[in-house]
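This briefing looks at how copies of a chain meet one another, and then at the make-up of a single chain and the setting of one residue. Please keep the sequence and the structure in view while reading.

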Protein chains: 4
Amino acid sequence: MSKEKSGLRALIRGQSAAFQDMLAVLSDRGRRFFDNLPYGRPRTEDLKSLCELLLSSRGQASKSALSTTILDGFDRLDASGRRLFFEMLCDDFSIDTDDVVEAVNEYRGAPSPDSLARLQKASEPRRQELFRRLNHAPEGTARLVDMRKKLVMLLREHPDLSAVDNDLVHLFNSWFNRGFLELRRLDWNTPAAILDRIIQYEAVHEISDWDDLRRRIDPPDRRLYAFFHPSLPGEPLIFVEVALTKEIAGNIDQILAADREIAAPEELRTAVFYSISNCQVGLRGISFGSFLIKQVLEELAGDLPGLKTFVTLSPIPAFANWLRTKREQMDADSDISKILALLNDHGWTEDQVTRTKLEPVLTSLAARFLTKEGNIAGVPLDPVARFHLGNGARLERVNWLADLSSSGLRGSYGVMVNYLYRPEDIERNHEAFANSGRVVASNSVQRLADAAPELSEKAVA
Amino acid sequence: MSKEKSGLRALIRGQSAAFQDMLAVLSDRGRRFFDNLPYGRPRTEDLKSLCELLLSSRGQASKSALSTTILDGFDRLDASGRRLFFEMLCDDFSIDTDDVVEAVNEYRGAPSPDSLARLQKASEPRRQELFRRLNHAPEGTARLVDMRKKLVMLLREHPDLSAVDNDLVHLFNSWFNRGFLELRRLDWNTPAAILDRIIQYEAVHEISDWDDLRRRIDPPDRRLYAFFHPSLPGEPLIFVEVALTKEIAGNIDQILAADREIAAPEELRTAVFYSISNCQVGLRGISFGSFLIKQVLEELAGDLPGLKTFVTLSPIPAFANWLRTKREQMDADSDISKILALLNDHGWTEDQVTRTKLEPVLTSLAARFLTKEGNIAGVPLDPVARFHLGNGARLERVNWLADLSSSGLRGSYGVMVNYLYRPEDIERNHEAFANSGRVVASNSVQRLADAAPELSEKAVA
Amino acid sequence: MSKEKSGLRALIRGQSAAFQDMLAVLSDRGRRFFDNLPYGRPRTEDLKSLCELLLSSRGQASKSALSTTILDGFDRLDASGRRLFFEMLCDDFSIDTDDVVEAVNEYRGAPSPDSLARLQKASEPRRQELFRRLNHAPEGTARLVDMRKKLVMLLREHPDLSAVDNDLVHLFNSWFNRGFLELRRLDWNTPAAILDRIIQYEAVHEISDWDDLRRRIDPPDRRLYAFFHPSLPGEPLIFVEVALTKEIAGNIDQILAADREIAAPEELRTAVFYSISNCQVGLRGISFGSFLIKQVLEELAGDLPGLKTFVTLSPIPAFANWLRTKREQMDADSDISKILALLNDHGWTEDQVTRTKLEPVLTSLAARFLTKEGNIAGVPLDPVARFHLGNGARLERVNWLADLSSSGLRGSYGVMVNYLYRPEDIERNHEAFANSGRVVASNSVQRLADAAPELSEKAVA
Amino acid sequence: MSKEKSGLRALIRGQSAAFQDMLAVLSDRGRRFFDNLPYGRPRTEDLKSLCELLLSSRGQASKSALSTTILDGFDRLDASGRRLFFEMLCDDFSIDTDDVVEAVNEYRGAPSPDSLARLQKASEPRRQELFRRLNHAPEGTARLVDMRKKLVMLLREHPDLSAVDNDLVHLFNSWFNRGFLELRRLDWNTPAAILDRIIQYEAVHEISDWDDLRRRIDPPDRRLYAFFHPSLPGEPLIFVEVALTKEIAGNIDQILAADREIAAPEELRTAVFYSISNCQVGLRGISFGSFLIKQVLEELAGDLPGLKTFVTLSPIPAFANWLRTKREQMDADSDISKILALLNDHGWTEDQVTRTKLEPVLTSLAARFLTKEGNIAGVPLDPVARFHLGNGARLERVNWLADLSSSGLRGSYGVMVNYLYRPEDIERNHEAFANSGRVVASNSVQRLADAAPELSEKAVA
């Protein structure tokens with residue numbers, strides 16, 4: 001082992017007196033430190049020492065070098081190494097309760113800007129400052145977003161790590177503040193590298209190839225808008241696809257078909273938001289969607305004064321699952337059960353008779369699911385409904401045979417809905433929903449919901 | 001008073017049930033709400049109600065409208081209105097100590113991500129969330145920077161308001177994180193609007209007019225670099241002016257003279273940072289200078305491999321004041337007092353004999369001031385010294401008759417110094433200074449300091 | 001003399017066989033060839049040889065090197081050297097009449113694409129191809145524009161050189177074709193280097209400093225538009241300054257005053273083109289002005305639908321001279337002569353009585369000058385009138401005491417006029433003027449012209 | 001027929017007096033004039049009248065409106081209409097020989113700038129000025145390029161139209177002058193619309209899809225450069241694809257393979273220009289290729305100082321045809337004929353024995369074809385050879401089994417060659433080739449050519 005490396009390792013273990021010499025070495029070589037690891041991957045204890053060093057460092061250059069070294073080390077960890085790393089952050093970089101108690105008492109005794117500041121510092125987990133310092137590394141923000149992506153994937157099995165996650169979310173909410181987001185329209189003149197991401201990130205209606213993409217961004221009656229952030233250049237955060245149409249679209253095929261007709265500009269009355277995709281797992285829970293829809297709505301209204309109606313064409317991804325659960329609990333011999341049993345037939349969409357029987361049942365059940373039954377404690381079960389209703393949209397229309405793709409059938413038996421955004425009602429709808437869980441729906445949807453059959457449960461023997 | 005306005009005011013005072021209706025009105029009209037004030041300026045109590053409303057609001061659009069309304073209201077306040085506003089934020093939007101105690105106890109009893117989150121929330125003054133929401137207004141960040149500018153001007157007389165200031169600083173440190181700063185070289189091709197700001201903001205060596213500015217940015221041996229932030233487009237945050245020279249410059253005149261010779265590119269060996277100016281009062285205390293110098297240093301080293309030396313040419317703004325105080329305490333009949341008395345003579349710089357007498361005394365005293373006597377508890381009295389030594393620079397040279405402008409004479413009797421930035425020593429110097437307050441100085445400066453005369457105080461009778 | 005140089009000179013004189021070797025040398029060293037001239041400046045005969053070499057060369061690299069060498073050589077010539085150079089181009093790079101005759105006969109005998117091509121080639125002066133090849137040098141177009149600038153300054157004394165000038169004009173008309181011009185609005189965000197040119201090039205109402213400039217481009221009711229060409233980046237070709245006003249402005253002071261009021265956007269009804277300046281002497285005679293006005297007019301009409309009237313506020317630069325000549329021929333004792341004699345009084349503009357006497361006489365004479373008397377063979381004597389009437393504008397109004405600057409008084413005794421651009425009349429007016437020399441004027445101007453006093457000449461004894 | 005239209009038609013036929021009125025109408029409505037054609041397509045006689053009108057017009061606005069009207073009319077013509085249109089330009093917009101004779105005589109009698117100008121004007125076909133005026137229409141240049149595209153397609157059957165073509169080429173040579181071309185590197189960040197054109201225009205080695213394209217522009221050892229012109233934004237004129245490699249590539253597959261290894265930057269020594277495609281049929285004959293190769297060569301040499309060798313990997317598209325002709329004339333029983341007969345076997349490339357027999361014969365014949373036999377009057381038959389040798393490259397190497405695609409086998413039995421560009425030899429090679437038709441080849445290629453078998457013709461009985 002070379003002198004340099006042994007010195008570094010000694011330093012990390014806190015055994016070295018030659019602090020400043022080591023920092024100089026780190027500053028020069030840190031980046032490649034882990035390249036020469038004698039034993040595969042970084043050890044949690046070494047990363048912990050580096051993190052402690054970073055928190056105690058006062059020099060800018062050493063902060064930057066240390067940050068890069070730590071992030072490089074993290075990148076080399078395997079799944080179990082990452083778990084150990086986050087557990088270390090959870091346990092060793094949290095708060096010290098005794099400190100908090102002491103700080104509270106001090107503040108109580110003599111409230112002052114200083115004692116308040118000390119209290120705040122004591123009750124903030126140390127890892128928050130650690131993350132802020134890691135952000136000083138070149139491309140630090142992007143690397144922390146990537147770190148959180150890996151954390152998010154661990155959360156389900158390791159819920160305690162959400163203490164670490166909360167701190168990242170807190171910082172990201174600040175860094176990805178609305179004021180820093182830049183709305184851009186993407187079209188056929190957009191750099192290919194960005195369009196390539198769109199193809200990858202589209203999560204609702206898959207983009208099959210570049211020709212498909214072009215059909216969604218190039219014609220004069222199609223738009224795609226995305227949010228970008230200065231720290232993630234070239235990386236969309238979220239995007240929405242919009243079709244400009246004469247009337248409210250009730251069918252995804254008529255929007256995506258390769259051979260559809262392009263409407264004349266002067267006939268366009270309606271903007272249909274037919275796909276919204278979040279792009280960054282590492283930013284999950286940092287909400288951009290609401291801003292995006294409203295800003296795009298303003299943009300479109302400004303550009304095209306002829307547009308009068310702004311709606312979505314949305315899936316009901318939780319509907320089919322909910323209905324399956326219901327069906328399992330129902331008396332299999334009831335009339336309604338028999339009708340629903342037609343869904344078991346693989347080719348049901350192609351049989352006219354079957355479709356005619358299913359239509360009134362499924363559409364009314366979908367309306368009921370969204371407006372009433374799907375609500376738990378005033379919150380709709382369906383995530384897409386939650387999103388748009390929470391934004392202040394109104395549930396406007398239920399569409400039959402609206403998405404016959406395999407994912408559309410799997411998620412909601414091909415039913416889709418339109419949520420209507422009326423600028424003048426958005427606040428009112430939002431408050432009704434937020435305060436009392438009331439789902440604002442059009443009269444026709446309400447009537448449809450009222451007409452839905454009862455799904456009575458099996459009598460328990 | 002119109003229905004609309006009375007409704008709004010009722011709302012603000014919490015008397016209205018028609019919450020959502022009012023929000024809709026506010027969303028439309030909020031911006032112009034204060035335009036129609038029947039009595040001059042907004043009242044603190046109304047602003048407080050609006051702030052409470054903003055903190056309790058859950059809708060995005062209402063947040064944005066309310067934020068704008070509050071910021072508009074703030075803009076209309078006069079000096080005393082602003083003081084009342086900040087006092088209100090200080091008193092009514094702080095923490096609730098009982099809540100903190102309760103949250104501590106809960107966390108102690110059952111540590112979990114949730115109880116930790118509650119503790120953090122309880123110990124964070126409510127105004128932090130308030131500021132985050134105000135940031136959602138269009139141009140929110142710029143308006144909050146402006147708000148803090150006004151707060152900073154009140155702090156000296158109202159030190160308790162620093163509790164509010166701490167929260168803004170906390171947020172700004174996050175929002176103006178290094179990773180979001182963009183370094184730009186400004187030259188004669190830069191938009192005039194930005195150059196105009198440079199003329200205004202130059203704080204060290206005044207820029208007299210556009211010709212003067214051009215001499216500092218257009219010739220091939222002059223550079224000006226500034227940091228920008230995406231939320232303040234067109235507004236430099238801090239900038240540094242650099243002269244590329246053959247040798248270390250010891251005189252500001254030879255840098256700024258209109259008729260100086262322009263050195264051939266291949267002769268340039270030295271970069272002299274001769275002026276650094278912070279631009280935004282509202283960002284005071286958010287440190288950019290250290291990053292700026294180091295990033296510019298890297299940029300220059302990459303561009304011009306011939307550059308070997310990176311120094312400043314800096315004033316010693318606290319020197320003359322320190323010396324005046326000393327002189328008042330000295331025996332007026334001592335030899336050294338008599339020499340220093342020559343400084344009282346208005347035209348001393350033009351008399352060769354006087355200058356010869358003063359040179360050894362003043363330069364050695366300046367060296368001693370910076371390295372020893374000017375230190376209080378290991379921190380130099382001089383702010384410029386504090387900045388560069390804290391960055392890891394070395395005090396390299398003391399220059400006699402280096403700035404004969406009136407501000408140069410007033411601040412330091414025309415003496416200037418060079419601080420040397422040697423990339424390989426920066427960390428070492430910084431740590432020495434940060435940990436033990438040791439001022440790293442060249443041998444020649446140390447010798448000069450050792451040679452300084454004693455400024456013995458008057459014997460007290 | 002080094003081997004290399006002697007080889008080069010030998011080559012130029014046609015004595016060398018080692019053609020390709022020399023070209024290689026030239027390609028490498030050509031640029032600095034003239035740096036080492038043993039005797040001051042390039043000789044015409046050497047430049048001629050280089051030009052012949054360039055015309056006979058077939059290699060691209062050698063063309064580029066030779067072009068640069070020739071242009072470098074031209075740059076080193078003094079005034080008499082330049083005259084000799086242009087005379088050489090005039091005499092030695094023209095057509096060969098015998099060749100033309102032969103080509104005509106050949107074409108007559110057997111018209112074909114080939115014989116036509118040969119005829120054209122024979123009747124095109126060889127210098128046209130020479131200029132085209134010089135254009136291959138880096139920045140060739142800009143350097144040829146500069147060459148013509150120097151030629152233009154010689155034309156008055158050496159009218160025969162206009163044969164060379166015609167060829168440059170022919171090429172420039174092609175290269176600076178309207179399709180290649182880019183219209184840009186310049187404002188306070190424009191790079192300072194370009195604004196600096198505007199200050200220099202303004203030829204009508206001098207821009208006194210950067211504050212004055214800012215007043216002309218920054219307020220919302222002021223505009224400045226310029227044409228640029230890809231081959232002269234950073235160099236405006238021509239620009240126009242526009243004031244947006246409520247009514248037709250009759251006075252340059254009310255437009256340029258530092259303390260004028262800024263009109264509210266919704267009140268703006270009129271665009272006043274108050275200054276048009278050509279920037280490049282080397283492009284004299286290549287007409288951009290007509291395009292510029294019309295394109296700016298379209299741009300403004302699109303931006304601000306409230307604008308209803310498009311006028312100029314223009315000087316009458318030839319008026320005072322014309323009147324002075326008239327006065328010399330008049331009977332000094334006539335009434336009108338006596339009134340006009342008041343103009344000899346230096347301070348006449350400040351005396352109310354004088355002004356009252358002069359107003360009807362001068363304004364009516366100006367109207368007559370522009371509409372009738374100033375016409376020679378149907379072409380107005382006044383160049384500004386020629387320009388705007390030729391563009392299809394109408395002479396709309398005569399303004400008294402409209403420009404009291406010294407240049408305004410010297411050129412037209414302070415009188416200014418408005419030319420009105422009505423899009424729907426432009427073609428009609430233009431054709432009337434172009435075909436029959438008819439000056440289209442408003443009724444009020446025509447009445448004014450009719451009312452003008454007779455300037456009867458002295459009776460010859 | 002409406003009044004307006006009948007007026008227009010009357011105007012065009014020269015029967016109307018209301019010239020200026022009609023122009024005003026045309027200016028407004030011209031664009032849509034042909035939309036209302038009562039009889040399908042524009043008539044040649046009407047287009048002729050419009051062209052005459054354009055040549056006689058003096059107003060800018062009318063020129064622009066007329067130009068657009070004519071170009072719109074041309075766009076509506078079918079193939080035979082276009083032929084008539086070009087014949088009309090050929091016959092009616094040429095020169096008047098009597099005028100030329102008169103002008104020559106006048107110039108002979110009294111040479112002056114004016115008489116010279118008249119001579120030039122007389123000998124320039126009137127259609128040149130017509131084209132210059134058509135260029136004033138919005139997007140005029142692009143529309144004229146498109147017009148020539150259609151002319152080029154007629155030339156083979158109507159060679160007399162080359163008189164018209166010569167005039168367009170003359171103007172395009174001026175407008176697409178090297179000085180106006182902009183070199184851009186295209187990569188994965190280039191707008192998709194431009195990359196889409198590259199896929200369409202690639203003429204040498206087809207780009208199968210976006211993945212294939214990405215492999216040619218995104219990896220660090222691949223480059224694509226194109227020329228653009230300000231009048232054709234978004235339209236590449238010509239582009240070249242470059243592979244950076246360790247050694248001279250002798251096989252197109254190793255360059256294009258999807259699974260090839262990417263070389264480390266520090267290993268790259270060689271730039272291989274493996275595909276050059278002209279994009280615009282309408283600019284055929286306007287040579288950009290030579291500039292492009294040399295400018296890209298300079299760009300690469302500047303970027304990557306490690307590059308030492310610049311070669312092409314080129315097809316020999318005329319080789320197989322030449323050899324087929326030769327074989328038809330040969331004695332079918334000769335040894336060499338028998339070997340060459342193996343080429344008739346469809347799967348010859350996959351049989352090791354066959355390949356071993358063919359290799360020495362085909363490679364040596366290719367070498368001889370390019371260096372000797374393929375020359376007619378000193379000009380190689382092969383167009384690719386003509387291009388690179390004319391640029392000053394050297395024929396460096398013959399590569400066996402270098403392109404086994406169907407087009408590669410069809411054109412040259414899979415043989416490819418490298419042309420070497422050595423900056424220091426380019427001029428010398430070029431002059432040798434241009435003056436004496438000498439093909440500069442490496443020693444190995446010369447030896448190979450010398451070793452080629454004789455292709456003796458059949459003895460005539």
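Between chain B and chain A, 8 residue pairs are counted as being in polar contact, with both residues of each pair at pLDDT 80 or more. That threshold on confidence is used here since the model is a predicted one. The elements of chain B that give two or more residues to the side touching chain A are the helices α2 (19-33), α4 (60-75), α6 (97-109), α7 (113-122), α8 (126-134), α10 (162-175), α14 (289-303) and α20 (426-436).

**The interface of chain B and chain A**

- On the side of chain B that touches chain A, the residues divide into 20 nonpolar, 25 polar and 14 charged.
- Counted from both sides, 59 residues of chain B are in contact with 59 residues of chain A.
- Chain B and chain A bury about 4,900 Å² between them, and 56% of this area is on carbon and sulfur atoms.
- The rule for salt bridges finds 2 of them across this interface, and in one of the salt bridges B:D98 is paired with A:R108, where the closest N and O atoms are 3.0 Å apart.

**How the two copies are related**

- Chain B can be laid on chain A by a turn of 180° together with a shift of 0.1 Å along the axis, and the RMSD is then 0.1 Å.
- This is the relation of a two-fold axis.
- Within chain B, the C-alpha nearest the axis belongs to B:W175, and it lies 3.0 Å from the axis.
- Because 100% of the interface residues of chain B are also interface residues in chain A, the copies meet through the same surface.

**Chain A on its own**

- Chain A has 21 helices and 9 strands, and of its 461 residues 55% count as buried.
- If one takes the contacts in chain A between residues at least 6 apart in sequence, 73% of these contacts join residues that are at least 24 apart.

**One residue in chain D**

- In chain D, the residue D:E396 lies in strand β8, which covers residues 394-399.
- Is D:E396 buried or exposed, judged by its relative accessible area? D:E396 is buried, because its relative accessible area is 16%, and buried means under 20%.
- Leaving aside residues up to four places away in sequence, D:E396 touches D:N418, D:Y419, D:L420, D:S442, D:S444 and D:V445.

Methods. Residues are numbered from 1 along each chain as its sequence is written. Chains are lettered from A and ligands numbered from 1 in the order in which they are written. This is a predicted model: local features need pLDDT of at least 70, side-chain atom pairs count only at pLDDT 80 or more; totals for chains, interfaces and linings use all residues. Side-chain values use heavy atoms; hydrogens and water are left out. Copies are superposed by least squares on the C-alpha atoms of residues with pLDDT of at least 70 in both. Contact means heavy atoms within 4.5 Å. Buried area is the accessible area (1.4 Å probe) that two parts lose on being put together, summed over both. A salt bridge is a side-chain nitrogen of Lys or Arg within 4 Å of a carboxyl oxygen of Asp or Glu. A polar contact is a pair of N or O atoms within 3.5 Å; within protein, one must be able to donate a hydrogen and the other to accept it, and residues adjacent in sequence count only if both atoms are side-chain atoms. Helices (H or I, at least four residues) and strands (E, at least two) are DSSP runs, numbered from the N terminus. Ala, Val, Leu, Ile, Met, Phe, Trp, Tyr, Cys and Pro count as nonpolar, Asp, Glu, Lys and Arg as charged, and the others, Gly among them, as polar. Buried means under 20% relative accessible area, exposed over 50%, partly exposed in between (1.4 Å probe, protein chains only).
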